[in-house]
Amino acid sequence: MQPILSTGIWMEKFAKKIILDHGSGGKSSKELIETLFLPFFDNPLLRRMDDSAVFEINGIKFAFSTDSYTVNPIIFPGGNIGSLAIHGTVNDLATQGAKPLYLSVGFILEEGFSGEILKEILEGMKKAAEEAHVLIITGDTKVVPRGQADKIFINTTGIGVVKKSHISGHNAQVGDLILINGSIGDHGMCILCLQEGLSLEMPLKSDTAPLNGLVEKILTITDNIHTMRDPTRGGVATTLNEIAYQSQVGIEIWEEALPFKKEVLGAGELLGIDPLYLANEGKMLIFIEKKEADKVLETMRNHSYGKEAAIIGEVKAEPKGKVWLKTRLGSKRLLDMLVGEALPRIC
Ligand code: MG
């Protein structure tokens with residue numbers, strides 16, 4: 001990781017006001033975190049910058065993660081803001097090879113928000129927590145005056161026990177194959193179409209799902225997973241860039257191997273958006289030693305959340321920190337992190 005910059009650099013180099021792009025999960029978010037937040041809070045655990053922090057108490061390793069949810073609309077095909085808030089934190093714990101155990105939930109509600117809709121959201125959360133085998137054991141509720149928040153925002157924080165602690169964004173190895181458990185960009189495109197009022201012949205559905213069961217299954221058949229990360233905000237392209245940077249490796253993905261739903265590609269063309277930059281909420285990128293990739297792929301395909309799993313690329317020695325897309329025609333295109341494109345309130 002780069003040396004921590006002083007907060008002075010933030011003030012000089014970047015905007016002095018927060019803009020939507022700072023929350024995109026892309027390049028601007030990274031700059032905000034590295035040049036403003038990290039200088040204040042820097043410590044070795046935080047500096048890992050994985051999806052959850054891993055620490056040890058009395059010989060037991062724990063993973064700890066938090067996330068806030070502001071998705072708009074709050075109810076969408078495939079889920080709602082509540083189920084999304086459970087899945088997101090469960091998946092961030094699973095990325096570190098942890099078994100998620102307990103969650104906290106914080107609600108910020110706007111005065112006047114419908115009790116009926118709140119009940120529907122809570123039902124979604126209950127179901128999601130049951131499926132993921134986690135318990136919500138503490139929480140908080142605040143209500144703000146009308147107009148000072150939009151309906152409902154939720155924060156979830158989770159803790160789990162780490163089974164295999166070598167799994168990290170810093171641990172991708174040259175020669176690793178990269179797997180994904182299914183189609184790319186479904187959640188982001190579904191929300192975007194709702195926000196834009198775009199009605200499609202084949203309506204899109206969010207892929208929001210808890211992936212700890214799938215991860216647990218994979219971890220029972222191999223010790224050679226080096227990296228896992230759920231490609232949420234910023235999408236597959238940004239997440240792969242984060243990993244290439246953390247592990248100081250090159251990453252190549254193959255266009256012909258990428259699983260997309262036809263309707264996602266179609267909507268992407270209409271809206272001029274590359275689904276590789278759209279959030280997924282039920283997908284995991286898995287970096288595995290080449291010799292075990294087929295075995296892991298088969299295990300994924302036998303799981304209900306991995307039926308369309310695919311091997312989509314490979315880790316290379318060079319160019320370090322960069323991600324390339326090998327197109328169907330055989331040419332290569334650099335895939336940068338998400339830059340400048342604000343897609344607010346996708347998750
Ligand atoms: Mg994540």
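## Ground rules

Because this is a predicted model, local features need pLDDT of at least 70 and side-chain atom pairs count only at pLDDT 80 or more, while totals for chains, interfaces and linings use all residues. Numbering runs from 1 along each chain as its sequence is written, and side-chain values use heavy atoms, with hydrogens and water left out.

## The magnesium site

Let's start with the metal. Three aspartates coordinate the magnesium ion through OD atoms: D51, D92 and D230, at 2.1 to 2.2 Å. Donors here are N, O and S atoms within 2.8 Å of the metal (3.2 Å for Na, K and Ca), and water is not among the atoms, so sites may look incomplete.

Along the sequence, the donor residues follow the spacing D-x40-D-x137-D. D92 sits in helix α4 (residues 81-94) and D230 in the loop between β9 (225-229) and α8 (235-247), so this pair links parts of the chain 138 residues apart. Helices (H or I, at least four residues) and strands (E, at least two) are DSSP runs, numbered from the N terminus. Both D92 and D230 are buried, meaning under 20% relative accessible area, with exposed set at over 50% and partly exposed in between (1.4 Å probe, protein chains only).

## The sheet

Seven strands make an open, mixed sheet, ordered β9-β11-β8-β12-β10-β13-β14. At the edges are β9 and β14 (332-334), each pairing on one side only; two strands pair if DSSP finds at least two bridges between them. From one strand to the next, the twist averages 25 degrees (axes are lines fitted to C-alpha atoms, for helices over the stretch in contact, and angles run from 0 to 180 degrees between N-to-C directions).

Inside the sheet, β8 (residues 177-180) and β11 (residues 285-288) run antiparallel and are joined by four bridges. I180 has L285 in β11 as its bridge partner.

## A nonpolar patch

On the surface, I33, F37, F40, F41 and L46 form a nonpolar patch with about 500 Å² of accessible area together. Patches take residues with over 30% relative accessible area and no salt bridge, joining like charges within 9 Å and nonpolar side chains (Val, Leu, Ile, Met, Phe, Trp, Tyr) within 5 Å. A salt bridge is a side-chain nitrogen of Lys or Arg within 4 Å of a carboxyl oxygen of Asp or Glu, and accessible areas use the Shrake-Rupley method with a 1.4 Å probe.

Helix α2 (residues 27-41) supplies the largest share, four residues. I33 is found in that helix and counts as partly exposed because its relative accessibility is 31%.

## E263 in helix α9

E263 belongs to helix α9 (residues 262-271). With 22% relative accessibility, E263 counts as partly exposed. E263 and M202 are 61 residues apart in sequence, yet their C-alpha atoms are 6.7 Å apart in space.
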